[in-house]
Amino acid sequence: MSAETPLLKVTDLAVHFRRRGGLPPLRAVDGVSLDVMPGETVGLVGESGSGKTTIGRAILGLDRPVAGSIRFDDRDITDATPSERRRLSTELQVVFQDPYSSLDPRRTVYQTLSEPLIVHQRMSKSESAAQVATALERVGLPHNAASNYPAAFSGGQRQRIAIARALMLSPRVVICDEVASALDLSIQAQVLNLLRTLQAEFAIGYLFISHDIAVVRYMSHRIVVLYQGEVMEVGPASLITATPAHPYTRALLSAAPVPDPVRQARLRSEREKTIRSNVSIDEKGPGCPFAPRCPYALDICRSVRPELDIDPRGTTVACHRHLDLDLAHVGTAGAVPAAAQGDDVRRARLRTGRSRSEQQH
Ligand SMILES: Nc1ncnc2c1ncn2[C@@H]1O[C@H](COP(=O)(O)OP(=O)(O)OP(=O)(O)O)[C@@H](O)[C@H]1O
Ligand SMILES: [Mg+2]
């Protein structure tokens with residue numbers, strides 16, 4: 001596989017859910033394409049219900065697509081059999097949001113972390129114990145954590161255990177679904193920085209899912225903005241956040257905290273103008289899904305779905321009006337989420353120097 005070939009390639013993915021009462025199916029994911037290159041973080045951002053988790057679940061084979069394809073390392077895995085999925089689990093892993101429910105409370109950390117080694121690599125107990133110790137060290141937990149049950153750990157520590165479990169077999173892509181959302185701010189920062197350090201060390205590709213654009217901006221090389229199961233805009237994280245071409249991306253950014261309270265107030269009032277009402281996904285018409293909430297919408301926006309098109313400011317955007325709207329210079333590029341500011345970041349930099357992922361940002 002060449003360096004230019006995506007490790008994970010999702011093309012025109014659609015996932016529908018049946019609904020009761022004679023309603024048409026819910027188009028939770030509606031024609032989404034995205035790629036993750038080796039060692040790259042692709043952020044998937046959008047508000048609650050936009051289909052982020054469903055995309056992750058479809059990639060993992062947990063939700064069945066009605067259309068589209070998913071390729072991993074140039075192999076079609078859209079309809080992978082359970083045994084193919086088991087093999088794939090050595091290369092494609094996931095960390096979910098909730099560190100409380102994602103670990104089995106009846107199993108020690110050693111049992112949880114050694115399972116993939118025993119199942120996939122038929123490792124002996126002493127070999128697996130050594131690997132578990134290394135894995136715990138990698139995520140900043142003491143060796144003796146192995147003999148404890150999840151109840152003995154805090155939320156942040158459990159998330160470290162979940163990350164260690166995902167990395168046991170050295171996967172090439174990890175889907176991170178709201179991995180820091182359930183944690184306190186300072187702990188969030190530690191977990192995000194740990195993921196970045198691990199990526200720099202092991203060249204892991206992340207599909208980094210979050211509703212929080214500040215967190216996504218901090219973590220990602222590229223960002224995919226999702227609205228009602230459709231891609232609104234995609235591009236390098238720096239351009240998506242500095243010169244967003246889609247009114248929805250702009251609205252998401254204006255809701256993210258910025259250090260200047262005056263600018264924050266201005267952005268908030270713009271956001272309030274943009275997000276006029278919370279339109280249900282049931283009402284999706286033939287046009288742009290964002291049109292009912294968009295202050296710039298014209299008739300064409302309500303009747304014709306815009307195709308993704310290259311914007312001169314550098315992103316790719318699905319908006320009929322992207323060439324005549326001046327939405328440039330939100331000016332928050334490079335800002336980090338509140339959670340990631342402060343001592344953790346500075347300490348991590350002193351310890352590791354600039355990480356590879358940081359250099360790419
Ligand atoms: N198993 C299911 N059956 C029916 N509807 C579902 C199912 N899973 C998800 N949905 C619906 O699909 C839509 C997308 O859900 P999804 O969980 O992917 O959103 P999300 O972007 O991850 O949201 P959040 O930020 O709240 O996690 C929502 O309207 C949700 O209610
Ligand atoms: Mg979700």
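**The shell around the ligand, and beyond**

Author: Helix α1 gives the largest share of the shell around ligand 1, with 3 residues. This is a predicted model, where local features need pLDDT of at least 70, side-chain atom pairs count only at pLDDT 80 or more, and totals for chains, interfaces and linings use all residues. Residues are numbered from 1 along each chain as its sequence is written, while chains are lettered from A and ligands numbered from 1 in the order in which they are written.

Start with the shell itself. It holds 13 residues, each with its C-beta atom, placed from the backbone, within 6 Å of the ligand. The closest are F17, A28, S48, T53 and T54. Two elements, β2 (26-36) and α1 (52-59), supply at least two shell residues each. Helices (H or I, at least four residues) and strands (E, at least two) are DSSP runs, numbered from the N terminus. By type, the shell has 4 nonpolar, 8 polar and 1 charged residue. Here Ala, Val, Leu, Ile, Met, Phe, Trp, Tyr, Cys and Pro count as nonpolar, Asp, Glu, Lys and Arg as charged, and the others, Gly among them, as polar.

The largest nonpolar core has 86 residues. Such a core is a set of buried Ala, Val, Leu, Ile, Met, Phe, Trp, Tyr and Cys residues joined through C-beta atoms within 7 Å. Buried means 20 or more other C-beta atoms within 10 Å of the residue's own; exposed means 12 or fewer, partly exposed anything in between, with C-beta atoms placed from the backbone. In soluble globular proteins, nonpolar side chains tend to be buried together. L207 and V225 have the most contacts inside this core. Setting aside neighbours within four places in sequence, L207 touches L8, V36, V42, L44, G56, V173 and I175. A contact here needs C-beta atoms, placed from the backbone, within 7 Å. Note two of those partners: V36 belongs to the range of β2, and G56 to that of α1.

Strand β9 (222-227) holds I223. I223 counts as buried because it has 28 C-beta neighbours inside 10 Å. Its contacts beyond four places in sequence are G43, V45, V216, V234, G235, A237 and I240. Its C-alpha atom is 8.5 Å from that of T41, 182 residues away along the chain.

Next, the helices. α5 is largely enclosed by the rest of the structure, because 11 of its 13 residues are buried. Its buried residues pack against β6 (92-95), α3, α4, β7 (173-177) and α6 (185-202). Two of these neighbours deserve a look.

α3 (109-121) has 13 residues and reaches 18 Å, close to the 18 Å expected. The expected span is 1.5 Å times one less than the number of residues. α3 bends by about 30° at E115, and P116 follows within four residues. The bend is the angle between axes fitted to the seven residues ending there and the seven starting there. Cover for its buried residues includes α4 (125-138) and α5 (155-167). Just after α3, R122 has a positive phi of about 45°.

A203 follows α6 with a positive phi near 55°.

Finally, the whole. The protein has 13 helices and 12 strands. Buried residues make up 45% of its 361 residues. Of contacts with a separation of 6 or more, 66% join residues 24 or more positions apart.

Notes:
Contact = placed C-beta atoms within 7 Å.
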